[in-house]
Amino acid sequence: MSISSSISRAGLALLLAAGFTSPLVAQELLTQPGSSPLVNLSLQFKTGAAHDPKGAEGSAALVAAMLNEGSTQKHSYDELLGLFYPWAVEVGATVDKEVVTFIATVHRDHLDAFTELFVEMMSEPKFAKADFDRLRDKAKNFLTQDLRSNNDEELGKEALYLEVYPKSHPYSHHNRGSLAGLAALDEGKLQGFYQEQFTASNFTLGVAGGYPEGYPEKLRDRLASSLSKGSSQVKAIEITRPARPDGRRVTIVEKDTRSVAMSLGFPIEVNRSHPDWTALNLVRSFLGEHRSSNSYLYQRLREARGLNYGDYSYIEYFPNGMFLMQPDPYYPRSEQIFQIWIRPVQPETAVFTLRATLFELEKLVEHGLTQEQFEATRNFLSKNAPLLVASSERRLGYAMDSKFYGVGPYVEKLRKELDALTLDQVNGVIRRHLQAKNIEIVLISKEAEKLREALRKGVPSPMTYNSPKPEEITTEDKVIANFPLNLGEVLVVPVNQMFR
Amino acid sequence: MLISRFLKLACAALVLSGAVAAQSLLPPGAESKVFPNGLRAVVIPTDTPDVVALQIVMSVGSRHEVEKGKSGFAHFFEHLMFRGTDRYPNDVADAMLKNAGVDSNAWTWDDQTVYHKVFLKEDLAKILDYEADRFQNLKYAEPEFRTEALAVLGEYNKNSANPTEKMFELLQDTAFDVHTYEHTTMGFLADIEKFPEGYEYSWQFYDRFYSPEYATVLLVGDVKPEAAFGLVEQEFGEWKRGDYVPDIKPEPPQTAPREGHISWDSPTLPWVMIGYKSPPYSDLAGTAALQVWESLAFSKTGPLYKKLVLEEQVVDEFQPFFWLKKDPFLSGIAVRVTDPTKVAYVRDEVRKTFESLAGQQISAKQLEEVKSRMRYSYLQGLTSPAQIASSVAFSLSLDPDLKSIDRYYEAIAKVSAEDLSKVAKSVFNPKGRTIITLEQKKEEPKK
């Protein structure tokens, strides 16, 4: 892997001296040559939902959609689809708070022809009314249908983020925007946002696979000369760390649904560039490795008690978890939260499950990991790391993320730091960053008032099962049934109030 | 888990993507073997140092659930396969897999259950030992069995907010009267709720289907065929052959269009789903022609997408399904309607599009483009051992002969404009059609 910048340090200093104040980021290039006939492209702009203007939430995502699912000055979207069709190529876009990334994989048979169209899509979007209407409706329906109506788990996770970040924070709306923000947008506003944010001095280009020599540099230079130069008025945004909630704060999102989905969490100071990341990542994996039956919460809640389908924990944003086995790249963030995802439970066991989750989190904070748990999780992560980057597309994505955080290659760094880690360090990191007292809790449920009353009164929630349980479980259940919830505020929000 | 929407697409895209090529489309060096007990093994070496993908393909799925009240059992049984053995009780298996950093999971669909793992080469022998043990010596007590039944109910619950899950339930139930495809892989809720009472039956299920003649062991990655076959034989050689053949009743031909409607309790835009009875995988020519139709008429470049999504913008979700199945199943599409007053219009446009395909002239250029697309999307699927394994495992679950993959691609390459017309005429025919609509429940008029 090699990283180079097209503006030298000296050149940058000159520009700065000349009063060129913003944006300060230059174009950068990351290359991973390989022998495959496929070429992976990844074009990342340092802008995103956090940069959406107030009252125009959804700008970044909708601009991205206008670029990869809209027409250009020379071709309608339909014509572009027709040109890509025989090559089986699609340009994808991932939008997060601080970066927007366009990705494509193309066979080198079509690399030149594809590159022409790719540059055209990125630098000559048409912002046509028909595209705008279609894509804005799609964004709106994503919020009202795909989140509010069809997927209680993703709704719970996204609602948690909205609760963690106060209204004044740049992270306080969904990546796709808000309904009011989308309603206030038009093609002109989007075009303005595009010209300010998707600029020649604001991108990183990643190229991997069997590309011809000189190709990445040529593409970078073409993008640099054809993208907008941007404006010096663009202000950097300040991404602060929100305070933890005061106590255990509950939001019940009310909707007609069979079961109760749960997400819990709070902000942490650790992101991938923090010295404690590897240790905290080990704790995450121990407590709730994504979609793995081999982690603690899963074994206590699902395996031993059959409460639901799975229980996991996270220290980084991980959308679409129900459709993915491994975390996708391109969601790097300066600010992250610690999060527990409890998959839907039967309504009658909801209070018990919430208690059990808080009980386990408290236990983890108090006792930490044992030597055996530490070693097994360390072995898992060390051996599993190469499997996360088993294709060149994913390898490129992980390298782009490492670049965002300013850290070394993912696998090598993780393995080196895991090797040097001790149990004491890990348990110290737990005490430093995790706790169960100040936490946001989101529940998706019907009959919200009834649930609210049960939670507020703190009435015991004894468990019964359809089969005999070992004494260890029944004894623990008695403790959990009376576990003090100590809840602060318990709010009820009708689902149609979400993402407004 | 149930096969996810993502995997459905992946299986479709990978397996269907035929290439027009004379030579084999399998990676070079792929070998297969049949052992005396009926077990099959396939080994595909790739130049990905250290990484190995293992998939154990069982030719059993919800299609095999022939007894009333047992819908969903094949998927439930997949869960039970993770409940341990005498040699590998749960905690021992968990510790071994965790220390080896293994990615492990499984999925079930109508015709197959696939257990998949990815790990490093150094752990291959250990993992095969574990796998062979659970396929031959599974052991769980009734209390654990009853607990696992609840986890499956949890899986039903997590899916239940999604309207298309319910629509497939009704589509299959409406379109099939006799064949087991009348229920989805998840099964009927009433049957799932009765799972805890089925402990004895679960052992009968294991004896019937978890036998070597139903199984293929597939290894892809940093492996050598000869050594890998040796390991497979050592671990699975003693597995006793079974003799159970389920009595899966063929579905009589459908003679008239059918329909159904769902009134959805929570806020939603309407959906329309249309399915037509379509030929089984064993009809390679018919299957290949349908795959070409899917790409020609129902991709984003097809006329229906252009009209309903891009121009009129009355549809925003456009999800064709042309899945490969052992027996005649349904091919069609699910669309979400952006304007609740346009349901009838969208339904009729979609229906007319399918039923006019037989009369369409497909040019040589169109055919060439669709085959090019299939070839390049196939190549894009071969980027990691796990991806190759998923693609090949799906093919093997429909036909355990490794050569069948090339036969399938040859069939795609041979599809002509006349074949397309012929297949469209027989499949996209009102007699074989089932339409399901879903709309938000209307408010009761206030008195």
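Me: What makes A:L369, A:Q371 and A:F374 count as being in contact with A:L423, leaving aside its neighbours within four places in sequence?

Reply: In this predicted model, A:L423 is in contact with A:L369, A:Q371 and A:F374 once its neighbours within four places in sequence are left aside, and the word is used because two residues are in contact if their C-beta atoms, placed from the backbone, lie within 7 Å.

Me: Why is A:L423 called partly exposed?

Reply: A:L423, which is found in helix 16 (residues 423-433) of chain A, has 16 C-beta neighbours inside 10 Å; a buried residue would need 20 or more and an exposed one 12 or fewer, so A:L423 counts as partly exposed.

Me: What makes helix 10 of chain B largely enclosed by the rest of the structure?

Reply: A residue is buried if 20 or more other C-beta atoms lie within 10 Å of its own, and 13 of the 15 residues of helix 10 of chain B are buried, so this helix is largely enclosed.

Me: Which helix of chain B gives the most to the side that touches chain A?

Reply: Of chain B, 58 residues are in contact with 57 residues of chain A, and helix 5 of chain B gives the most to that side, with 11 residues. The residues of this side of chain B divide into 21 nonpolar, 21 polar and 16 charged.

Notes: Residues are numbered from 1 along each chain as its sequence is written. Chains are lettered from A and ligands numbered from 1 in the order in which they are written. This is a predicted model: local features need pLDDT of at least 70, side-chain atom pairs count only at pLDDT 80 or more; totals for chains, interfaces and linings use all residues. Helices (H or I, at least four residues) and strands (E, at least two) are DSSP runs, numbered from the N terminus. Ala, Val, Leu, Ile, Met, Phe, Trp, Tyr, Cys and Pro count as nonpolar, Asp, Glu, Lys and Arg as charged, and the others, Gly among them, as polar.
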